[in-house]
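Here are a few exercises to work through with the model open beside you. Try each task before you read its solution.

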Amino acid sequence: MADKFLAEMVTRTEFDRSRSRLEISFSDIKGRSQVLSLGADAIAALTAIFAEVSTADPAARERLTKMPKRYAVGHGRHEPLVMLRFEDDAAYGLSPSQATAVGEALLEEAEALSDVKYLMRQ
C-alpha cells in the first residue's frame, strides 16, 4: 500500500461531463499533487461524511465508523458469557445465544460484501 498523501489544499476542481465525474486536484506541503476522480455515489457519501466531521459538535466526529486495530474474544470467569472487546473499550458480555446470532450476522455480512464490486461508506 502506498504512503498516505497528506493533502493541504485543493488546487483544481473540474466536472468531466463526458464521464459524469468530479475531478479534484490536491496538493501537499511539498507541492506534489494528486487527482481524485469521483462518481456520484462517492460524492454523496463524502458530502455526508464532510458535513458530519465539519460540524462544531465534537461528538459528531465520534459517530464516524470506528475501525479497530485489535479485538479480543473470551469467556466470563463467573458467568456463562462470551466476552467481546475492541481496542481498549469496555468488554461486551453476550449470552451464548446472542454470541451465536452475532457470529451468524457477521458471516452473512462478510459474505454479502465479498459479492459487492464497490463499497459505499455509511
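The protein exposes about 10600 Å², and carbon and sulfur atoms supply 57% of that area (Shrake-Rupley method, 1.4 Å probe; for residues, only the protein chains shown count as cover). This is a predicted model, in which local features need pLDDT of at least 70 and side-chain atom pairs count only at pLDDT 80 or more, while totals for chains, interfaces and linings use all residues. Residues are numbered from 1 along each chain as its sequence is written, and side-chain values use heavy atoms, with hydrogens and water left out.

**Exercise 1. Work out which pattern the protein follows along the sequence.**

Step 1: Read them in sequence order, which gives β-β-β-α-α-β-β-β-α.

**Exercise 2. Describe the open sheet and find the strands at its edges.**

Step 1: Three strands lie in the order S1-S2-S3, with antiparallel pairing (two strands pair if DSSP finds at least two bridges between them).
Step 2: S1 (9-16) and S3 (33-38) each have a single partner strand, so each is left without a neighbour on one side in the sheet.
Step 3: From one strand to the next, the twist averages 20° (axes are lines fitted to C-alpha atoms, and angles run from 0 to 180 degrees between N-to-C directions).
Step 4: Now look at one pair: S1 and S2 are joined in the antiparallel sense over seven bridges, and Met9 stands opposite Ser27 in S2.

**Exercise 3. Is Ser25 buried or exposed?**

Step 1: Locate Ser25 in strand S2 (residues 21-27).
Step 2: Its relative accessible area is 6%, so Ser25 is buried (buried is under 20%, exposed over 50%, partly exposed in between; 1.4 Å probe, protein chains only).
Step 3: Leaving out residues up to four places away in sequence, Ser25 touches Met9, Val10, Thr11, Arg12, Gln34 and Val35 (contact means heavy atoms within 4.5 Å).
Step 4: For context, buried residues make up 12% of the 122 residues in the protein.

**Exercise 4. Which element gives the most to the lining of the second largest pocket?**

Step 1: List some of the lining, including Phe5, Leu22, Phe26, Leu38, Ile43 and Phe50.
Step 2: S2, S3 and helix H1 (40-53) each supply at least two lining residues.
Step 3: H1 gives the most, with four residues.

Note on methods:
1 Å grid on protein atoms, 1.4 Å probe; cavity = no way out; pocket = protein on both sides within 12 Å on 5 of 7 lines; lining within 4 Å.
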